[in-house]
Amino acid sequence: MKLLFFGDMAIPDNETYTKMYEFIKQNELFKNKIVIGNLEGLIVDKEKALEEYNCQLFNIKEILNLFNENKHTVLTLANNHIKDIPKEFENTLFMLNQNNIGYTGAGNNKETACKPYEFEF
């Protein structure tokens with residue numbers, strides 16, 4: 001099994017998402033790999049992030065499509081932008097759980113935030 005690590009992913013618009021999606025698929029970057037990366041911003045609606053929260057660093061919900069085909073993905077949430085939009089933190093965790101995307105480094109309490117992620121094969 002191969003490992004792929006990536007840092008600071010923030011995809012705030014459809015143009016960036018499309019380019020990233022095509023690049024990952026063409027190069028089969030996530031195929032048959034354990035993928036571990038840093039989700040640098042919360043997952044939030046673009047208009048809401050820009051207009052309501054005045055936040056520039058975030059991810060649109062389409063980012064989930066990059067990972068949901070890979071059963072061995074974990075995203076780290078322990079970074080300085082994970083609480084930029086506090087109202088969207090719970091929603092981000094919900095969307096990751098709904099899409100069976102693992103995460104570590106943040107949670108609703110200290111216990112879940114400190115809990116390591118374990119892959120099952």
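A: Here is a look at the sheet, and then at one threonine.

This is a predicted model, where local features need pLDDT of at least 70 and side-chain atom pairs count only at pLDDT 80 or more, while totals for chains, interfaces and linings use all residues. Residues are numbered from 1 along each chain as its sequence is written, and side-chain values use heavy atoms, with hydrogens and water left out.

Let's start with the sheet: 4 strands make an open one, in the order E1-E2-E3-E4, with parallel pairing. Its edge strands are E1 and E4 (102–104), each pairing on one side only. Strands here are DSSP runs (E, at least two residues; helices are H or I, at least four), numbered from the N terminus, and two of them pair if DSSP finds at least two bridges between them.

Now zoom in on E1 (residues 2–9) and E2 (residues 33–39), which pair in the parallel sense over 6 bridges. At one of those spots, Met-9 has Leu-39 in E2 as its bridge partner.

Leu-39 also leads us to our threonine: Thr-92 touches Leu-39, Leu-42 and Ile-43, not counting residues up to four places away in sequence (contact means heavy atoms within 4.5 Å). Thr-92 itself lies in helix H4 (residues 89–98). Its side chain reaches the backbone nitrogen of Ile-43 at 2.9 Å. So is Thr-92 buried or exposed? Thr-92 counts as buried because its relative accessibility is 1% (buried means under 20% relative accessible area, exposed over 50%, partly exposed in between, with a 1.4 Å probe and protein chains only).

Definitions and conventions:
A polar contact is a pair of N or O atoms within 3.5 Å; within protein, one must be able to donate a hydrogen and the other to accept it, and residues adjacent in sequence count only if both atoms are side-chain atoms.
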